[in-house]
Amino acid sequence: MSGFSRRIFLHASGLAFLALAVRRLAALGAPRPRVLKQLFGDRPVQDGHVQLDVPTVAADGRVVPVMIESDLPMAAERYVKAVHLLVDNNPDIHLAEFRLTPQIGQAFVSTRIKMRMTSPVRAIVETSDGALWGAAADVRVTVNGCG
């Protein structure tokens, strides 16, 4: 028998699997801060003023309902000018951007999205004076919607 034993094989296989898993987790976590910086610069996203309604479990990732609502005023002097929808584990994290005007009267968006896998979903509203408000929720996907 050569110098390659079952124990060495199992050890090497385990290390290779661990390296792939760490690489995968690093790849999933890295883009989100970069995307946020590209979209909003150094402006902080504050919690509050955004209600995000998504299912806890999405039976089909091809059709995931999302409702986003903000209680911020929609007056001419200060209003919600954009609603951003981000899905951390999708190929394109910044999934949608909705531009609003004060004439709408209420910051409300209802849509359906595709999700690649289980992921945090984030809604960020941007006001006309540059403030950012957000909410997030985890959605567990049972059937891949981007494949």
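1. Let's begin with burial. In this predicted model, 34% of the 147 residues in the protein chain are buried. The accessible surface of the chain comes to about 9000 Å², and carbon and sulfur atoms account for 57% of that area.

2. Next, the overall layout. The protein chain has two helices and nine strands. Read from the N terminus, the order is α-α-β-β-β-β-β-β-β-β-β, so you can trace the elements one by one in the viewer. For contacts in the chain with a separation of 6 or more, 67% are between residues 24 or more positions apart.

3. Now look inside. The largest nonpolar core has 27 residues, and those touching the most other members are Leu52, Ile68, Val80, Met115, Val121 and Val139. At least two residues of this core come from each of these strands: S2 (50–53), S4 (64–70), S5 (80–87), S7 (107–113), S8 (119–127) and S9 (132–141). Apart from this core lies another one, of seven residues, including Leu36, Leu86, Ile124 and Leu132.

4. Leaving out residues up to four places away in sequence, Val139 touches Val54, Pro55, Thr56, Ala58, Val64, Met115, Thr118, Ser119 and Val121.

5. Phe4, Ile8, Phe9 and Leu10 make a nonpolar surface patch of about 400 Å². Phe4 belongs to the segment before helix H1 (6–29). Its relative accessible area is 46%, so Phe4 is partly exposed.

6. Charged pairs come next. Side chains of opposite charge can pair when their charged atoms come close. How many salt bridges are there in this model? The count comes to six. One of them joins Lys37 and Asp42, whose closest N and O atoms are 2.5 Å apart. Lys37 is partly exposed because its relative accessible area is 46%, while Asp42, at 67%, counts as exposed.

7. A second salt bridge to find is the one between Asp60 and Arg62, with the closest N and O atoms 2.8 Å apart. Both ends are partly exposed: Asp60 has 23% relative accessibility and Arg62 has 49%.

8. Finally, Arg78 and Asp129 form a salt bridge in which the closest N and O atoms are 2.9 Å apart. Which parts of the chain does this pair link? Arg78 is in the loop between S4 and S5, and Asp129 is in the loop between S8 and S9. The two residues are 51 residues apart, so the pair links distant parts of the chain. Arg78 is partly exposed, at 27% relative accessible area, while Asp129 is exposed, at 52%.

How values were computed: Residues are numbered from 1 along each chain as its sequence is written. This is a predicted model: local features need pLDDT of at least 70, side-chain atom pairs count only at pLDDT 80 or more; totals for chains, interfaces and linings use all residues. Side-chain values use heavy atoms; hydrogens and water are left out. A nonpolar core is a set of buried Ala, Val, Leu, Ile, Met, Phe, Trp, Tyr and Cys residues joined through side-chain atoms within 4.5 Å. Buried means under 20% relative accessible area, exposed over 50%, partly exposed in between (1.4 Å probe, protein chains only). Helices (H or I, at least four residues) and strands (E, at least two) are DSSP runs, numbered from the N terminus. Contact means heavy atoms within 4.5 Å. Patches are made of residues with over 30% relative accessible area and no salt bridge: like charges are joined within 9 Å, nonpolar side chains (Val, Leu, Ile, Met, Phe, Trp, Tyr) within 5 Å. Accessible areas come from the Shrake-Rupley method with a 1.4 Å probe; for residues, only the protein chains shown count as cover. A salt bridge is a side-chain nitrogen of Lys or Arg within 4 Å of a carboxyl oxygen of Asp or Glu.
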